[in-house]
Amino acid sequence: MREGSLLDVRELSVRFAMQRQSLLGARPVLQAVRGVSFSLRPGRTLGLVGESGSGKTTTAMAAIRLTPAFSGSAMFDGVDLLSLDPEAMRQRRRHLQVIFQDPYSSLNPRERVGAIVREPLELMMPEMPKPARKERVRELFGLVGLRPDQMALFPHQFSGGQRQRVSIARALATNPRLIVCDEPVSALDVAIQAQILNLLRRLQDDYGLSYLFISHDLGVVQFICDDVAVMYLGQIVEFADRPSLFSRPRHPYTAALLAAAPSLTRRKSAGYVREVMVRGDPPSPLSIPPGCAFASRCPRAQPKCREERPQLVHDASGSVACHYPNP
Amino acid sequence: MTEPLLSIRDLKVEFSTRNGRVTALDGIDLDLMPGETLGIVGESGCGKSITALATMGLIPDPPGRIAGGRILFDGEDITHADARRLRSLRGADISMIFQEPMTSLNPVFTAGDQIAEAIMLHQQLGRAEANRKAVELLRTVGIPEPERRARSFPHELSGGMRQRVMIAMAISCRPRVLIADEPTTALDVTVQAQIFDLMRDIQKEFGVAIMLITHDMGAIAEMADRVAVMYAGRIVEKGSADAILDNPLHPYTRGLIDCIPVLGKAAGEQGRMPPLAEIPGVVPPLHLLGQGCAFADRCPLAFDRCRIETPILDGRSHGVACFATEMEAV
């Protein structure tokens, strides 16, 4: 385990058995996450970046044991979450919380938001006396910028941004140490997105929270993350701190992601034409190619890339899995 | 001077709702010139999509209705055109691509069939000829193995390919106006970039005028020649893309630009990024709009007059509807 990390994930793999294609055929296996390792330091934010299907959500959910892992370990505070017995795992749940992408489907429509925020306290901190719980819910509403009189309302009476504030209050209830933020602002309008991002960062400063932050939006990642892992087809292809990754992307996929992301400086009026471009879609995770998974879309692929799988190589400025990385 | 291809004048659209009659569009003026891309930007609920639907004659009536104003296509008033005229316009002269290609394609027909249908409808071609053209179009929009893909059903295609099929269908009759309503919102960034590149290529090749509806200022920068910024059913600022992005005048436009975590801003610097600018509050629901500027409650520059009078978009090429910036300019 790495020194001083809160969550240290080693060689994590997740597989899903799919439906049989024929009556007697074998069940095809989807390799969603293939040997992923990373570590998250206390009080910091690690970004998991990639396109849909790259395995970023599955990685995070398997690391906190909300999805069963096929192999690997996830050391949280010195204990491997993946080998804990269920009761011991349940005890630790209060330190691990999640904020989901869709504030519409992640809140129970039949429950008042005050009860939604109180529920984690009832489940995970039953020793807490009832008046203290009530007080805590009030406090949480204040922390996330909602008014205490809104506790009696139902989720549908809130806007998307306010619902996400309720989700954040619920995640904070048990004073967790790690929060998995799964695309927490993707469903929100830009103006609301800024409010939520600022709130998440302020809460991190005030409570020393660690975030595992899943996003496909590189602008958002650049704003909130300290370190970034770029995923492609279930593997980390590049890992670096924010300044290095954004100023000197070394994996061609990272470079392509940065070139594809909209930016205010690329103007039609100035005749902007994209340079680094990937074509087509990622290969299917059911039939992963033998060499580098990105080779089929890589603008710089060589014969070696299609035959030999590149390993993640570590050095002073980060890690990259590419036979021919950018300098 | 060239005439606008599509011209919207003082358009008003109303909806009857549980909360009474609300004004979804309140006096919209827009011009789309041949071959240009006009970006329409704003938050959800500001009336971007209603503008597009009104242009296509697709406002559901009831509960909605066009309560005033005119929509001119190539000089012809199509505001209250009958169903027959609208059918011949849609697809042939004005076509539209939507946000979610999965729900806008018919799941029980192949991609090729759906493109061929549009061709047969508008161009009086036989099935075989239309099918051949459909394959050709799939090749034009960059779908690999177009012969095979023409026989695929929508669920067998990726999101990016579905949007390409939608674009193939939309350009099948060489329309002069293409309305794209958040065409890439459901797609991954690398796929979004490919779709944008494709739309630009198609514009270069066919000279189609594009009305691009988006909430993304980055998409505006990359795609638009001119921009209209909408808020609560009105245009609050319009001008060239450069003018809007480099010198935004309306406090709402400024807020929209400042609150984006822009890629590349201080990318290489150590330490934390400064907090993002925020626009406080949310877009007001339409039935609660009172008198005065709809943005006044969220505006850092609002003063008494803003809550009483409604500012009008001035007629300059870079126009703004704001009392506070008017004062600034003086």
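In chain B, helix 4 (residues 111-123) and helix 7 (residues 159-171) have axes that come within 8 Å and cross at roughly 20°. Angles under 35 degrees count as roughly parallel, and helix 4 of chain B and helix 7 of chain B are therefore described as roughly parallel to each other. The structure is a predicted model, and what follows should be read with that in mind. The crossing of helix 4 of chain B and helix 7 of chain B is right-handed. On the side of helix 4 of chain B, the contact is made by B:Ala111, B:Gln114, B:Ile115 and B:Ala118, while helix 7 of chain B contributes B:Val165, B:Ala168 and B:Met169. Sorted by class, the residues of this contact between helix 4 and helix 7 of chain B are 6 nonpolar and 1 polar, with no charged residue.

A second pair of helices can be followed in chain A, where the axes of helix 3 (residues 113-124) and helix 4 (residues 130-143) come within 10 Å and cross at roughly 120°. That angle makes helix 3 of chain A oblique to helix 4 of chain A, and the one helix passes the other in a right-handed crossing. Helix 3 of chain A takes part in the contact through A:Gly114, A:Val117, A:Arg118 and A:Leu121, and helix 4 of chain A takes part through A:Arg133, A:Arg136, A:Val137 and A:Leu140. By class, the contact of helix 3 with helix 4 of chain A has 4 nonpolar, 1 polar and 3 charged residues.

From the helices of chain A we can turn to its strands. Chain A holds an open sheet of 8 strands, which lie in the order 6-7-8-3-9-10-12-11 and have mixed pairing. Strand 6 (96-99) and strand 11 (313-315) of chain A stand at the edges, and each has a single partner strand, so one side of each is left without a neighbour in the sheet. From one strand to the next, the twist averages 20°.

Strand 9 (residues 227-232) and strand 10 (residues 235-241) of chain A pair in the antiparallel sense over 6 bridges, and A:Tyr232 stands opposite A:Gln235 in strand 10 of chain A. In the loop between strand 9 and strand 10 of chain A one finds A:Leu233, which has a positive phi of about 50° although it is not a glycine. Is A:Leu233 buried or exposed? A residue is buried if 20 or more other C-beta atoms lie within 10 Å of its own, and A:Leu233 is buried because 24 other C-beta atoms are within 10 Å.

B:Asp74, found in the loop between strand 4 and strand 5 (76-77) of chain B, has a positive phi of about 50° although it is not a glycine. With 16 C-beta neighbours inside 10 Å, B:Asp74 counts as partly exposed.

The last stop is the loop between helix 1 (48-55) and strand 4 (64-73) of chain B, where B:Pro62 is found, and B:Pro63 is also placed in the loop between helix 1 and strand 4 of chain B. The peptide bond from B:Asp61 to B:Pro62 is cis, with omega near -10°. The peptide bond that leads on from B:Pro62 to B:Pro63 is cis as well, with omega near 5°.

Notes: Residues are numbered from 1 along each chain as its sequence is written. Chains are lettered from A and ligands numbered from 1 in the order in which they are written. This is a predicted model: local features need pLDDT of at least 70, side-chain atom pairs count only at pLDDT 80 or more; totals for chains, interfaces and linings use all residues. Two strands pair if DSSP finds at least two bridges between them. Helices (H or I, at least four residues) and strands (E, at least two) are DSSP runs, numbered from the N terminus. Axes are lines fitted to C-alpha atoms, for helices over the stretch in contact, and angles run from 0 to 180 degrees between N-to-C directions. Angles under 35 degrees count as roughly parallel, over 145 as roughly antiparallel, 65 to 115 as roughly perpendicular and the rest as oblique. A crossing is left-handed if the near helix is turned anticlockwise from the far one by less than a right angle, and right-handed if clockwise. Two residues are in contact if their C-beta atoms, placed from the backbone, lie within 7 Å. Ala, Val, Leu, Ile, Met, Phe, Trp, Tyr, Cys and Pro count as nonpolar, Asp, Glu, Lys and Arg as charged, and the others, Gly among them, as polar. A residue is buried if 20 or more other C-beta atoms lie within 10 Å of its own, exposed if 12 or fewer, and partly exposed in between; C-beta atoms are placed from the backbone.
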